[in-house]
Amino acid sequence: MSIRIEKSSGRKRDSGGLPLRFPPEMGTSVGYFPSISALASMADCRCSASRCCWAAFAARLAARLAFFSAVLVGVVFLVLNRMFFHLNAPDATIGALNSLYLNSNNIGLPIATYILGNPALVAPILVMQQAIFTPVGLTVLDVTTKGKVSIKEIAKQPLHQPLLIGSLLGIVVSAISAKSGWFPVPKFIFDPIDMIGDSAVPMILMAFGMSLHGTKPLQQKGDRPAIFTVAVLKNIIMPIIAFLLAYFVMGFRGSELYACVVLAALPTGQNVYNYAARYNVGLTFARDGILMSTMTSPVFIAIIAALLS
């Protein structure tokens, strides 16, 4: 609904009757720094403080499978890009993130809660993406868009990533809470940060909806092969890899196997578009990849349910 509202808002007109166009950077510049960082920090705080991440054995294994599946899919896209697509480094980074980044929050959490019956399954995946994939991807984007690469620049990148800083602060707080048995952040500090974090997902969806107004999906013919490849990797290849790892390596059967494969079939998270807009690279590529993945993901999740449930 947030996407639809913002898509419609693009139809507003100014006093001269001309349509108002809201650049996606307007939404991402507001949502990226404060709200996403707060969301990352609060998610890590809750995750470990309530021991939902690390106390559940199945959740830990699901995170490991998701990590290896995502890494393999990202590597496959980069190899295919080198062989066929020849995207530049920033666009290739967006393509890799499109292939491996799971929508573990606003789609994964309801699926884990109401279908799989265990919301803790997505918590370690959320932390993994925030603490590993996102900082690495943003560091690559930051370095490649500046046009210079040096050890000094790479070493300084973590200091420029509010999402990583928020995640690390959340992990520190949760570790203190788990060790001492009390939560070290006062309520009058925690509640405002939590409120800001709650605005992150709606703002990302709104920015994504704003990008859809006045354009048609798949307009750039040169990007179509890469976009379809991203959708295939995310919604077909990644669940297959997760199944092979879960079945033959981890020895999962029954509900554990079903949960791992379903989570691997989640669509690409809208965060990827937010990152593309932040660095103004691969905007249509990120948008169309997310759209294709989100539209086709329910079909493949239904197929997985029919085969494994």
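A crossing of two helices is left-handed if the near helix is turned anticlockwise from the far one by less than a right angle, and right-handed if it is turned clockwise. The model is predicted, so that local features need pLDDT of at least 70 and side-chain atom pairs count only at pLDDT 80 or more, while totals for chains, interfaces and linings use all residues. Residues are numbered from 1 along each chain as its sequence is written, and side-chain values use heavy atoms, with hydrogens and water left out.

**Exercise 1.** Determine how α4 and α14 pack, and which residues meet.

Solution. Begin with the axes, which are lines fitted to C-alpha atoms, for helices over the stretch in contact, with angles running from 0 to 180 degrees between N-to-C directions. The axes of α4 and α14 are 10 Å apart, and the helices pack at an angle of about 15 degrees. That angle makes α4 roughly parallel to α14, since angles under 35 degrees count as roughly parallel, over 145 as roughly antiparallel, 65 to 115 as roughly perpendicular and the rest as oblique. Next, apply the handedness rule: α4 passes α14 in a right-handed crossing. Finally, look for contacts (heavy atoms within 4.5 Å): Asp-91, Ile-94, Gly-95 and Asn-98 of α4 meet Phe-285, Ala-286, Gly-289 and Ile-290 of α14.

**Exercise 2.** Determine how the axes of α4 and α13 are oriented, and sort the contact residues by class.

Solution. The axes of α4 (residues 89-100) and α13 (residues 271-279) come within 9 Å and cross at roughly 170 degrees, and the two helices are therefore roughly antiparallel to each other. In α4, Ile-94, Leu-97 and Asn-98 make the contact, and in α13 their partners are Val-272, Tyr-275 and Ala-276. To sort them, count Ala, Val, Leu, Ile, Met, Phe, Trp, Tyr, Cys and Pro as nonpolar, Asp, Glu, Lys and Arg as charged, and the others, Gly among them, as polar; the contact then has 5 nonpolar, 1 polar and no charged residues.

**Exercise 3.** What orientation do α11 and α14 have to each other?

Solution. The axes of α11 (residues 224-249) and α14 (residues 283-308) come within 8 Å and cross at roughly 30 degrees, and the helices are therefore roughly parallel. The contact includes Phe-228 and Phe-243 of α11, and Met-292 and Phe-300 of α14. Its residues divide into 13 nonpolar, 5 polar and 2 charged.

Methods
Helices (H or I, at least four residues) and strands (E, at least two) are DSSP runs, numbered from the N terminus.
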